[in-house]
Amino acid sequence: MNELEQLESMLRARPATLSNEQRRAAYDALGDLFPLAADVRVEQAAVHGVPAEWTSTPVANNSEVILYLHGGGYAWGSLKSHRHLVSELGRAAAMRTLALDYRLAPECPFPQALEDAVNGFRFLLDVGFHPRQITVAGDSAGAGLAVALLVRLKELGVRQPACALLLSPWANMTATADSYSRNAKRDPVLNRSIMQFLAEQYLGKRPRETPLASPIFADLSGIAPLKIFVGSTEALLDDAIALTRAAGLADVSVQLEIWPKMFHIWLNYHPILAQGRQGVDRAGRLLREALEAASSGS
């Protein structure tokens, strides 16, 4: 059994029915399973009332930053659960990172996570970053939140960042895509019922097509370029393809990479999965290139 098969077997063995508190604890356990590299510097921050943290490595250009929004279905995930991914993405891009501990559902439903994301972006502007020195990144729900952030910034008249990196984005809360069925036996992480449960936690009685929760239904014109990564075995594969199409139809520069045999947010397992390490390196290069293109005015 190779490392990918071993990892998928481990993921499939996880209990199917856990409370939100148990799910949150399981997510945070990734922070213990995958410790930080010794040269990563971590600094706690308060970002207009939102808990956050900076990470940097010796190669980071301190005048450039990744604003990171973690995944976890808007109900799970934390700074701890994603620190190992965020810090290495920063290393690969040679940038600082600022990760937000945005408010979680169901205690804090839509639009509170989005409000926190907007405050995080405004904080970066307030401390002196130019928009073209800022990139936004996120995984799963955090990737959907990143797109919603771009749309909301446009509505508020705030200039866009250099780009947004979207890892296995959850940008459609209707959970109706064919890949939920087609990849039902291949995806070791997600299924339709989990996503329907999480949508209810975040949106309550609101329509699942609410544009700033399901940004695939938003007016995407005028937002920053998108770099989208998705695995071929994901339940969310078709949603990522549909988001790419919607962005392209709105005249947004968009790049989609479909990674063969990869599951949901495989980059999160970069310490033990070769494709995860390759994905982090590739994502960092794309962020670097987008920032350089924005800085040159191209």
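1. Tyr27, Asp28, Leu30, Gly31 and Asp32 of α2 meet Lys80, Ser81, His82 and His84 of α3, where contact means heavy atoms within 4.5 Å. By class, this contact of α2 with α3 holds 2 nonpolar, 4 polar and 3 charged residues. Here Ala, Val, Leu, Ile, Met, Phe, Trp, Tyr, Cys and Pro count as nonpolar, Asp, Glu, Lys and Arg as charged, and the others, Gly among them, as polar. Helices (H or I, at least four residues) and strands (E, at least two) are DSSP runs, numbered from the N terminus.

2. The model is a predicted one, in which local features need pLDDT of at least 70 and side-chain atom pairs count only at pLDDT 80 or more, while totals for chains, interfaces and linings use all residues. Residues are numbered from 1 along each chain as its sequence is written, and side-chain values use heavy atoms, with hydrogens and water left out.

3. Two packed helices are described by the angle between their axes and the distance between the axes. The axes of α2 and α3 come within 6 Å and cross at roughly 45 degrees, which means that α2 is oblique to α3. Axes are lines fitted to C-alpha atoms, for helices over the stretch in contact, and angles run from 0 to 180 degrees between N-to-C directions. Angles under 35 degrees count as roughly parallel, over 145 as roughly antiparallel, 65 to 115 as roughly perpendicular and the rest as oblique. The crossing of α2 and α3 is left-handed; that term applies if the near helix is turned anticlockwise from the far one by less than a right angle, and right-handed applies if clockwise.

4. Helix α3 (residues 79-93) also packs with helix α9 (residues 274-295), their axes coming within 7 Å and crossing at roughly 55 degrees. α3 is therefore oblique to α9, and this crossing is right-handed. On the α3 side the contact is made by Leu85, Glu88, Leu89, Ala92 and Ala93, and on the α9 side by Val280, Asp281, Ala283, Gly284, Arg285, Leu287 and Arg288. The residues of this contact comprise 7 nonpolar, 1 polar and 4 charged.

5. How do α4 and α5 cross, and at roughly what angle? The axes of α4 and helix α5 (residues 141-156) come within 10 Å and cross at roughly 65 degrees, so α4 is roughly perpendicular to α5. α4 passes α5 in a right-handed crossing. Ala113, Leu114, Ala117, Val118, Phe121 and Arg122 of α4 make the contact with Leu145, Ala148, Leu149, Arg152, Leu153 and Leu156 of α5. That contact has 10 nonpolar, no polar and 2 charged residues.

6. The largest pocket contains about 460 Å³ of space. It is lined by 25 residues, of which Arg14, Tyr27, Leu30, Val189 and Tyr269 are the closest to its centre. A pocket is an open set of points on a 1 Å grid over the protein atoms alone, where a 1.4 Å probe fits, with protein on both sides within 12 Å along at least five of seven lines; lining residues have an atom within 4 Å of a point. Grid points are joined across faces, edges and corners, and a volume is the space filled by probe spheres set on the points.

7. At least two lining residues of the largest pocket come from each of α1 (3-12), α2 (20-33) and α7 (192-203). The largest share, 5 residues, is supplied by α2. The lining divides into 16 nonpolar, 6 polar and 3 charged residues.

8. The second largest pocket has a volume of about 340 Å³. Among its 17 lining residues, Ala16, Arg23, Val189, Asn191 and Ile194 are the closest to its centre. α1 and α7 each contribute at least two residues to this lining, which has 11 nonpolar, 2 polar and 4 charged residues.

9. Most residues other than glycine have a negative phi, and most peptide bonds are trans. A cis peptide bond joins alanine 105 to proline 106, with omega about 5 degrees. Another cis bond joins phenylalanine 110 to proline 111, with omega about 5 degrees. Proline 106 lies in the loop between β4 (95-100) and α4 (112-126), and proline 111 is found in the loop between β4 and α4.

10. Histidine 48, although not a glycine, has a positive phi of about 50 degrees. Histidine 48 is located in the loop between β1 (41-47) and β2 (50-56).
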